[in-house]
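Please read this report alongside the sequence and the 3D view.

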There are 2 protein chains.
Amino acid sequence: MDVQYPPVVAPPHKSSLQKFKVKLKETLFPDDPMRQFKGQPFGTKIVLAAQYVFPILQWLPQYSLKLFKSDIISGITIASLSIPQGISYAKLAGLPPSFGLYSSFVPPLVYAVLGSSKDLAIGPAAITSLVLRSMLTQGVSATSQPQLFLQLAFTSTLFAGVFQAALGILRLGFIIDFLSKAILVGFMAGVAVIVSLQQLKSLLGITHFTKKMTIVDVLSSVFSNIHESLKKPKYFWVSAGAPLLSVITSTAILFAIRGKHPAILVIGKLPEGVNPPSVKMLYFEATHLGLAIKTGIIVGILSLTESIAVGRTFAAIRKYKVDGNKEMIAIGLMNVIGSTTSCFASTGSFSRTAVNHNAGAKTAMSNIVMSVAVLVTLLFLMPLLHYTPHVVLGAIIVTAVIGFVDIPAAYRIWKIDKFDFVVMLTAFFGVIFISVEYGLALAVGLSILRILLQITRPKTVMLGNIPGTRLYRDLHHYNQATRIPGFLILSIEAPINFANITYLQQRTLRWIEEEEESMKDNSVFRFVILEMSAVSNIDTSGVSLFQELKSALETKHIKLALVNPLAEVIEKLTKADESDSFIREDYLFLSVGEAVGKLSSIMENSPSVTMQQEQPPYM
Amino acid sequence: MDVQYPPVVAPPHKSSLQKFKVKLKETLFPDDPMRQFKGQPFGTKIVLAAQYVFPILQWLPQYSLKLFKSDIISGITIASLSIPQGISYAKLAGLPPSFGLYSSFVPPLVYAVLGSSKDLAIGPAAITSLVLRSMLTQGVSATSQPQLFLQLAFTSTLFAGVFQAALGILRLGFIIDFLSKAILVGFMAGVAVIVSLQQLKSLLGITHFTKKMTIVDVLSSVFSNIHESLKKPKYFWVSAGAPLLSVITSTAILFAIRGKHPAILVIGKLPEGVNPPSVKMLYFEATHLGLAIKTGIIVGILSLTESIAVGRTFAAIRKYKVDGNKEMIAIGLMNVIGSTTSCFASTGSFSRTAVNHNAGAKTAMSNIVMSVAVLVTLLFLMPLLHYTPHVVLGAIIVTAVIGFVDIPAAYRIWKIDKFDFVVMLTAFFGVIFISVEYGLALAVGLSILRILLQITRPKTVMLGNIPGTRLYRDLHHYNQATRIPGFLILSIEAPINFANITYLQQRTLRWIEEEEESMKDNSVFRFVILEMSAVSNIDTSGVSLFQELKSALETKHIKLALVNPLAEVIEKLTKADESDSFIREDYLFLSVGEAVGKLSSIMENSPSVTMQQEQPPYM
């Protein structure tokens with residue numbers, strides 16, 4: 001008892017405006033992006049600002065031949081993956097193959113100027129392409145109205161870009177955090193199932209005609225190893241080369257046997273030349289505007305989720321930083337520009353970024369190299385793709401999406417958190433049986449509901465003393481913890497607000513009644529101590545809980561003490577406590593140990609105080 | 001250092017099913033309603049069950065003449081208030097006056113059998129009547145389609161009852177908690193403004209013709225004191241008697257001057273007799289079914305909010321208990337039965353309950369007495385109401401709703417919590433400028449958004465040692481707290497989940513970087529301690545935060561220690577931690593004091609460990 005505890009006091013005063021500023025900063029600028037500008041001369045500030053907006057200005061001045069050697073190898077490597085994937089994903093998006101190549105030309109150039117990741121490989125991705133088609137076909141058919149469908153694809157890409165850039169500018173990037181790992185695992189697996197079933201249909205149809213060639217079997221076995229080998233850097237050349245090799249081989253075979261197997265559909269003649277402008281194709285008429293906006297938002301969110309996650313993963317490996325909000329602006333502008341140059345929604349693809357990284361990419365220059373390779377294809381190599389069979393594109397698609405089914409991740413989620421597993425299943429079945437957007441919305445809704453339920457039904461835990469220490473911990477967690485006679489020590493483990501005061505009051509009173517019932521041997525139960533360290537926040541309703549609890553306890557001649565209320569909580573209690581009834585020194589303690597010590601000594605020093613007395617002297 | 005701390009271990013094992021059961025019980029049965037049945041013989045259980053369903057069986061067998069004397073006085077008192085208010089609120093609901101009396105006859109009888117409050121006075125209330133009309137008039141006009149409007153009023157009342165009973169049976173009563181005090185203050189004030197403006201129009205119109213009588217002035221001054229006097233029990237007879245007195249006086253005057261002032265609208269002839277059945281009037285056709293359901297739900301929630309709050313307030317004063325979920329079933333059934341006997345939505349009215357309590361009501365018998373008084377009115381006194389002027393009903397309505405404007409409560413909310421004040425204003429302006437349901441929805445949405453924002457941006461606080469103790473508290477709250485060189489001690493004050501891991505990671509790394517920057521004098525910064533007492537929960541994403549933080553810190557040769565992770569958190573970390581990398585004794589501590597003590601002694605005992613070393617021996 002020789003320890004001197006300071007009194008529990010309200011924190012130093014701050015005005016509401018000051019507090020609002022701090023909160024706003026923590027909400028929107030938790031990374032404090034302006035920190036680097038502080039105390040710099042004006043000239044430096046200009047340079048830093050330019051570098052902030054255009055990260056290419058950071059690395060290009062120091063760019064060396066050695067870096068370029070690495071970037072050219074990785075750039076050509078991802079180009080060899082981007083070209084077959086580009087035309088495959090265009091097919092997945094319901095668009096002609098050339099638009100996949102257009103989308104692999106302009107967006108990587110824009111990203112190279114604006115983006116801050118050194119590893120991200122830009123272009124169309126399976127997930128966004130599929131979602132784009134599956135949502136747009138709710139309003140327009142890709143096959144019977146191809147022109148309108150194309151227009152809506154560009155318009156959705158524009159809205160996706162605007163939405164992405166807006167999230168970044170308004171610093172609302174945390175919205176993508178609501179697509180949790182569990183949701184993504186379920187959602188991606190659901191998408192994989194849908195896409196595979198779609199493609200399988202055409203693959204099986206073809207197989208019937210190509211038994212002798214067994215091209216599908218070969219391709220499947222080649223591709224099935226891609227995602228394995230991505231994790232083993234030395235085999236990554238196999239993954240990187242396989243799609244191009246398959247396209248070349250199959251195209252060569254089809255060219256050789258041309259005309260003999262009319263059932264094998266080939267791509268056909270493709271237009272040569274770079275991206276045609278598409279500003280005039282943007283479609284803003286009311287009939288489909290809502291659909292385009294909705295599709296843009298969903299595609300935009302998914303594309304950000306993939307880009308940001310991939311960018312952060314590789315930044316962490318190579319120990320540099322990507323600023324989420326800045327990346328959102330870069331990707332958003334990239335899609336806005338893309339939508340005016342015949343590109344559909346592009347993003348940082350996971351598989352190609354992994355290849356890019358493993359092939360030794362050093363800067364965003366590898367995206368420029370890839371762009372140039374795609375440009376060469378667009379200008380000179382388009383006739384070569386004439387005989388590329390659709391079946392090989394289907395195989396590329398299926399291979400890409402099969403990697404989306406992440407059984408180990410699903411098992412891990414099951415093991416750690418059953419509710420997350422349910423969220424995952426909701427996303428999975430929602431996507432398969434309802435639709436992409438409702439599947440996602442249901443899963444996000446369920447995740448939010450869980451948070452609300454946790455708030456509505458916060459845990460209250462009974463604490464006991466850990467022998468030999470002054471610590472008090474959960475009795476159900478630490479078996480050695482023992483109760484202190486005469487005290488009921490409860491820990492409230494959530495913010496106290498309108499959503500849970502009724503529950504907390506009922507639950508606390510039940511603790512107290514059970515305590516009274518168990519005390520029939522006339523031993524004295526005199527103190528309820530609420531440990532408030534975990535009550536991070538309180539609102540006006542929360543304040544009333546203490547007033548009501550206190551008056552309920554007073555009639556039972558039980559004293560209520562609060563332990564370690566945090567700064568904000570104590571401040572609000574002080575403001576609400578006009579009659580000065582519980583913000584008093586004999587009411588507030590800094591630790592449970594202190595509270596038990598001081599209250600016990602009061603009990604010992606006033607032997608005349610019994611439960612029969614109307615008003616104990618220390619109340 | 002002589003204190004022996006036990007190791008931090010996972011809590012005793014429980015299966016997922018056991019945990020699910022506990023959670024389900026805490027979520028749906030926090031009050032443990034079955035407690036009283038435990039260990040009772042079968043016969044007693046039957047009696048207890050019957051009393052549980054029909055609380056009248058609890059008090060009627062012990063009912064005495066003495067109690068009846070009190071109840072008859074209070075019953076007649078509230079009848080004298082119910083009759084004028086009933087016809088006024090029927091007007092407010094857009095219904096003929098007699099339905100206000102019907103609704104003051106059947107529902108109180110039903111409640112007397114099923115309800116557990118001893119004070120609640122049942123009948124139509126201003127707020128539900130207004131909401132009923134304002135929502136139904138979105139689809140049907142009360143004046144040009146009175147019959148359909150009446151049908152929809154009964155149908156909405158049925159749905160309100162079904163919804164209320166369902167909430168009670170499914171034990172989802174906590175849903176009404178989402179209408180926080182702040183929302184209700186704003187909402188009620190908004191409703192008061194709307195109603196007053198509506199009534200003022202007719203009041204002013206009338207005033208023009210009644211200058212000589214100044215009846216309005218008289219009434220207004222009488223009524224304006226009602227809500228004041230409700231809080232002073234000895235004047236409550238004034239409040240209780242004023243409406244009836246006004247009705248009698250004005251009716252008598254109008255009767256005397258009948259025909260001479262045709263501009264003064266009177267109620268006119270009313271049908272005599274008890275409630276006609278209305279089962280056949282229930283309207284289930286698709287045209288307006290959605291509106292009826294929506295209106296039923298909103299009216300049902302508002303009626304529960306008023307009833308439960310009023311019931312709990314007076315139960316607390318008289319120290320008995322009302323079970324929220326059981327009350328919801330009682331009120332729900334009351335409205336279901338009401339909808340088949342020509343009653344519109346009824347509830348426990350605040351003003352009449354206060355009068356009932358002050359007049360000395362002892363049991364729900366006072367509701368039965370009131371019913372009988374209303375019955376007598378219905379059977380014999382209807383002709384007397386012929387000449388009651390509408391203006392007096394308008395005055396009664398305005399008086400009732402003026403009490404809804406609670407300026408002191410609004411000021412209190414402003415003082416304690418600015419955000420709650422914004423929520424209040426949202427409800428207020430939403431109701432006035434948009435609509436009842438959107439005003440409520442906006443305000444509830446804003447409250448939920450705030451909770452989500454608190455989760456998305458949890459506070460992280462830097463702790464320091466309180467000199468002379470082993471306690472560590474917020475440096476910004478306790479000025480005397482001092483930092484320990486070499487340690488960065490952070491407290492995370494929220495559950496860790498998908499919505500905040502990105503933020504927490506960024507924010508923690510920023511703390512660390514700022515710490516490194518401030519350490520340019522080559523002093524050693526070696527330990528980050530995370531105090532986890534306030535982390536009440538964690539999900540699969542949350543687990544990954546620790547893995548990522550740990551690997552980020554390892555490259556900086558900083559050790560990460562966790563203090564007092566709670567049972568559920570430690571359990572999930574253990575499950576996720578396959579490589580046994582952070583659920584290790586040298587990583588986990590029971591208190592910050594212990595962590596600092598043990599880690600400091602490690603630092604002293606291994607002087608060779610410097611920041612340049614690749615892998616410190618204790619990692």
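## A covered strand

In strand 6 of chain B, the side chains of F527(B), I529(B) and E531(B) point one way and those of V528(B) and L530(B) the other, yet all are buried (20 or more other C-beta atoms, placed from the backbone, within 10 Å of a residue's own). Strands, at least two residues of DSSP state E, and helices, at least four of H or I, are numbered from the N terminus.

This is a predicted model, in which local features need pLDDT of at least 70 and side-chain atom pairs count only at pLDDT 80 or more, while totals for chains, interfaces and linings use all residues. Residues are numbered from 1 along each chain as its sequence is written, and chains are lettered from A and ligands numbered from 1 in the order in which they are written.

## Its neighbours

Strand 6 of chain B runs parallel to strand 5 (residues 487–492), joined by five bridges, and pairing requires at least two DSSP bridges; here I489(B) has I529(B) as its bridge partner. Five bridges also join strand 6 of chain B to strand 7 (residues 559–563), again parallel, with F527(B) opposite K559(B).

## Two chains

The contact (C-beta atoms, placed from the backbone, within 7 Å) takes 72 residues from chain B and 72 residues from chain A. Of the residues on the side of chain B, eight, the largest share, come from helix 20 (residues 436–456). Because 100% of the interface residues of chain B are also interface residues in chain A, the copies meet through the same surface.

Notes:
Contact = placed C-beta atoms within 7 Å. Buried ≥ 20, exposed ≤ 12 C-beta atoms within 10 Å, placed from the backbone.
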